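Here are my comments, as numbered points. They cover charged pairs and the nonpolar core.

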Amino acid sequence: NIENERDWVRKTSRFYEGVYNDDGVLIDADVGIEIESIKAQDSRRSQRDRRLNGSATDGRVLQSDSSLEVIYTQTTTYRSTGSTLTINEIVLMPLSTPTLRDQYVGELKELEGYEQLTEVSEISITS
C-alpha cells in the first residue's frame, strides 16, 4: 500500500490537471484516477523492463532503495484548442520531462509519508 492513498490520488489528479491546463493546448482538463494495483518492485530491475504507470520510492513503507509500481486508470476530459496531440501524448505529458517529474515529487513531498520520496518514473501506458 502507499501512504495516504486518497491524498495521493487527489494530489496526482490536480498535478496532472495543472500540467494540461498550463500547457495551453488543453482547456478545462479534469482528471480522475482510480488505483488498480500497487506492488513493491525489485530495485535492481531496470525501468525499461517495467510495465507501470507510476513508480515512487517511499522510505517509510519500504527500504529506501525500493520502489512501488502503481497501476491506475486515468480518465481525462478536456477541451482542445485544435491540438494535434494524440491521446497517448496527452496521457504521457504530465511526467514526460525531468523538470515535470521533479515538480511532481515536490508536490508529493507535501503529503505525510512522502518526505523521503526522491524520484518518479515517466508514465507508461499498459494495455
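1. Start with Glu107 and Lys11. Their side chains form a salt bridge, with an N to O distance of 3.7 Å. This is a predicted model, so read the distance as a property of the prediction. Glu107 belongs to helix α3 and Lys11 to helix α1, so the bridge ties together parts that are 96 residues apart in sequence.

2. Is each partner buried or exposed? Lys11 is buried, at 18% relative accessible area. The cut-off for buried is under 20%, so Lys11 qualifies at 18%. Glu107 is partly exposed, with a value of 29%.

3. Glu110 is exposed, with a relative accessible area of 56%.

4. Treat these three residues as a unit. Lys11, Glu107 and Glu110 are linked in a network of salt bridges. The structure holds six salt bridges.

5. Another of the salt bridges is local. Arg10 pairs with Asp7, and their closest N and O atoms are 2.8 Å apart. Why is the spacing about one helical turn? Arg10 and Asp7 are three residues apart in helix α1, which means that about one helical turn separates them. Arg10 is partly exposed, at 44% relative accessible area. Asp7 is also partly exposed, at 29%.

6. Now the nonpolar side. The largest nonpolar core has 27 residues. Which members touch the most others? They are Trp8, Tyr16 and Tyr20. Elements giving two or more residues to this core are α1 (5-23), β1 (26-41), β3 (67-80) and α3 (98-108). Helix α1 gives the most, with six residues.

7. Look at Tyr20 in detail. Leaving aside residues up to four places away in sequence, Tyr20 touches Leu26, Ala29, Val31, Gln74, Thr76, Ile90, Val91, Met93 and Pro94.

8. One link between the two themes deserves a check on screen.

Note on methods:
Residues are numbered from 1 along each chain as its sequence is written. This is a predicted model: local features need pLDDT of at least 70, side-chain atom pairs count only at pLDDT 80 or more; totals for chains, interfaces and linings use all residues. Side-chain values use heavy atoms; hydrogens and water are left out. A nonpolar core is a set of buried Ala, Val, Leu, Ile, Met, Phe, Trp, Tyr and Cys residues joined through side-chain atoms within 4.5 Å. Buried means under 20% relative accessible area, exposed over 50%, partly exposed in between (1.4 Å probe, protein chains only). Helices (H or I, at least four residues) and strands (E, at least two) are DSSP runs, numbered from the N terminus. Contact means heavy atoms within 4.5 Å. A salt bridge is a side-chain nitrogen of Lys or Arg within 4 Å of a carboxyl oxygen of Asp or Glu.
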